[in-house]
Amino acid sequence: DLSRAMFNATDLDIAKGTVSFRLNLAGRGASSRALVSSLNGAGSLDAVNGSVKGFDLGRVNTQLKNINQPTAILGLLQTAMTGGSTAFSKLGGTFKITNGVVRSDDLALTADGATGKGTLTANLPAWTINAESEFHLTGQSGAPPFGMALKGRLDQPRRIFKLNELQAWLAAKVTTGLINQFIKKKLPSTTAPQVQPGQAQPAPSTEDQFIRGIFDLLQKKKK
């Protein structure tokens, strides 16, 4: 059917679950291209308790907890969002087809580790897709969503990730953790001793030690 053909074309597939796809479609033409270009109608997709192949949101949710460098998010998503599978409790949306162009603005996913929503425009005569999705990771308290877009040929779309907000959130989280680790250490008195002639220089100030401590912690994180 049209729904499964579109999923398969984009390397996505509903592998398991109870799937209901309703479609009211009409078209005519002397050739296959003319027929596709004349398609008009509407439909809906409703799938429950299944899995979709092509991305692994559970892996993103789990591994993000162990990432200490914000720039590492891109590598994680490039791997987890281009393969594997995601279990879901609900996946659905409605579609309108006009002159062979399929549009949806209410795609919704409730999955293992995340919820998602998205929009889709698939131009069947031109064989192109433009889809935008946004995912909220349910296992990361306070984390902003990240986005993924599918653009280009329907059978070979480019996957574009939108990570600025998530990277900024992770950077702030890592920095806060480093500062908390440092201030747990017992800091020396802030009263600077008087230097007498012939005496050694006083120990570095609290501010100097704080900055050096942060630097040392960052160096350890890199190792």
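Is glutamate 134 buried, partly exposed or exposed? At 30% relative accessibility, glutamate 134 counts as partly exposed. The views below are drawn from a predicted model.

**View 1. Glutamate 134 and lysine 117 form a salt bridge.** The closest N and O atoms of the two residues are 4.0 Å apart.

**View 2. Glutamate 132 forms a salt bridge with lysine 151.** Here the closest N and O atoms lie 3.1 Å apart. The pair links distant parts of the chain, with glutamate 132 in strand 6 and lysine 151 in strand 7 (residues 146-153), 19 residues apart. Salt bridges with shared partners bring Glu132, Lys151 and Lys162 into one network. Glutamate 132 has a relative accessibility of 28% and counts as partly exposed. Lysine 151, at 22%, also counts as partly exposed; neither residue is classed as buried, because that class requires a value under 20%.

**View 3. Strand 2 pairs with strand 1 and with strand 3.** Strand 1 (residues 13-26) and strand 2 (residues 40-53) run antiparallel and are joined by 12 bridges. Within this pairing, threonine 18 has valine 48 of strand 2 as its bridge partner. Another 12 bridges join strand 2 to strand 3 (residues 85-98), and these strands also run antiparallel. Aspartate 46 has glycine 92 of strand 3 as its bridge partner.

**View 4. The side chains of aspartate 46 and lysine 90 meet in a salt bridge.** The N to O distance is 3.3 Å. Aspartate 46 sits in strand 2 and lysine 90 in strand 3, so that the pair links distant parts of the chain, 44 residues apart. Both partners are partly exposed: aspartate 46 has a relative accessibility of 27%, and lysine 90 has a relative accessible area of 43%. A search of the whole structure finds five salt bridges, including this one.

**View 5. Aspartate 155 lies in the loop between strand 7 and strand 8 (156-162).** Its side chain makes two of the contacts shown here: a polar contact with the side chain of tryptophan 127 at 3.3 Å, and a polar contact with the side chain of arginine 153 at 3.1 Å. Aspartate 155 and threonine 128 are 27 residues apart in sequence, while their C-alpha atoms are 8.2 Å apart in space. With 29% relative accessibility, aspartate 155 counts as partly exposed.

**View 6. Methionine 81 is part of the largest nonpolar core.** This core has 42 residues, and Leu57, Met81 and Phe146 are those with the most contacts inside it. When neighbours within four places in sequence are left aside, methionine 81 is in contact with Gly54, Phe55, Leu57, Val60, Phe135, Phe146, Met148, Arg159 and Phe161.

Notes
Residues are numbered from 1 along each chain as its sequence is written. This is a predicted model: local features need pLDDT of at least 70, side-chain atom pairs count only at pLDDT 80 or more; totals for chains, interfaces and linings use all residues. Side-chain values use heavy atoms; hydrogens and water are left out. Two strands pair if DSSP finds at least two bridges between them. Helices (H or I, at least four residues) and strands (E, at least two) are DSSP runs, numbered from the N terminus. Buried means under 20% relative accessible area, exposed over 50%, partly exposed in between (1.4 Å probe, protein chains only). A polar contact is a pair of N or O atoms within 3.5 Å; within protein, one must be able to donate a hydrogen and the other to accept it, and residues adjacent in sequence count only if both atoms are side-chain atoms. A nonpolar core is a set of buried Ala, Val, Leu, Ile, Met, Phe, Trp, Tyr and Cys residues joined through side-chain atoms within 4.5 Å. Contact means heavy atoms within 4.5 Å.
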